[in-house]
Amino acid sequence: MKSAFQGESPKPTRASRETAESASEASLIQRIHRVYAALPDGERRAVDLVLEGPGELALWPATELAARAGVSAPTVSRLFRRLGYASYDEARRASRALRASGSPLYRADPATGDCAADGVIARHRAAEIAAIEATFSRLDPRRITAAAHRLATAPRMRAVGFRNSYFVAEYARMLFSQIRPDVQLLNWNGQTAAESLGDVGPEDAVLLVDLRRRPAGFAAFARALVGAGADVVSISDAAPRGEPRPKWTFACAVNTPQTFDAPGPAFALVRLLASEAMLRLGPAARRRIERIEGLHESLADLS
């Protein structure tokens, strides 16, 4: 096997294999920081550009990075071999995967030069509207109605989500608890995944918020949730993975040109499901809201 810098390499030792395996598992940024101090000036200029916007690497061909850094294309090739990649294109694919995963570091916007408040607001508004339109344009009204009916009428309703999805799940719990009894979050603070699944069964309807940058083990948790027999309604940015699958999955757009994922579509979907569930429940939902509002007044707990 050829070395990146010399001729024939010596036979790899166990230690060198472990080092290579460690490098292959490291992110682009980790690899850069490991070798940064030893980089020649030209390679350092190129890598400084990468550090300013690692997600841009997914978009630039090697010639563009070389031109921006004022170095030659062979210098760029040597740099990425030094970082442990077989080629520049392999590094681009790794950057593209991290960008697609939603990593804010790899999605950070480069400076646009347009700092006017109206320009910033217009871009943000357009991105939010586009994400919501992309989400709602794919919805099947019949499936929304069926999922909302089950969430409304199941003996027990549960909601669950982790990381950013947790806040959407809590919003769902808050809305549905106003129109029907026995609505709880599955993942209370301090519980393990197994403990939160312990009481889930065929009589339950569960709203699963499944947005990207999930914690490790999430896929196994989702399969166990469906396997417990509950009717699962999933709000997800990804297609269902593996078996068994949720009974209903509603695609939710989260991607925008900006650094952070758009949460608006997921919250809007929850509100749509809750509104439809309230229609399914009819007078019973309104009576429950009236009781709760009466308690608010008697307790004077809202300002």
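Modeller: Helices (H or I, at least four residues) and strands (E, at least two) are DSSP runs, numbered from the N terminus. By that rule the protein chain has 14 helices and 5 strands. This is a predicted model, in which local features need pLDDT of at least 70 and side-chain atom pairs count only at pLDDT 80 or more, while totals for chains, interfaces and linings use all residues. Residues are numbered from 1 along each chain as its sequence is written, and side-chain values use heavy atoms, with hydrogens and water left out.

Start with the sheet. Two strands pair if DSSP finds at least two bridges between them. Here 5 strands form an open sheet in the order β2-β1-β3-β4-β5, and the pairing is parallel. β2 and β5 are the edge strands with a single partner each, so one side of each has no neighbour in the sheet. From one strand to the next, the twist averages 15°; axes are lines fitted to C-alpha atoms, for helices over the stretch in contact, and angles run from 0 to 180 degrees between N-to-C directions. β4 and β5 run parallel and are joined by 4 bridges. Ser-234 has Thr-249 in β5 as its bridge partner.

Helices pack on this sheet. α9 touches β1, β3, β4 and β5, and its direction makes about 125° with that of β5; contact means heavy atoms within 4.5 Å. α12, residues 218–227, lies across β1, β3 and β4 and runs at about 160° to β3.

Next comes the core. A nonpolar core is a set of buried Ala, Val, Leu, Ile, Met, Phe, Trp, Tyr and Cys residues joined through side-chain atoms within 4.5 Å. Buried means under 20% relative accessible area, exposed over 50%, and partly exposed in between (1.4 Å probe, protein chains only). The largest such core has 35 residues, and Leu-151, Phe-176, Val-233 and Phe-250 are among those with the most contacts inside it. Elements giving two or more residues to this core include α9 (141–153), β4 (231–236), β5 (248–251) and α13 (264–281). α13 supplies the largest share, 7 residues.

Phe-250 is worth a separate look. Leaving out residues up to four places away in sequence, Phe-250 touches, among others, Ile-144, Ala-147, Val-233, Ile-235, Leu-269 and Leu-273. Apart from this core lies another, of 20 residues, including Val-47, Ala-69, Leu-79 and Tyr-88.

As for the whole protein chain, 38% of its 303 residues count as buried.
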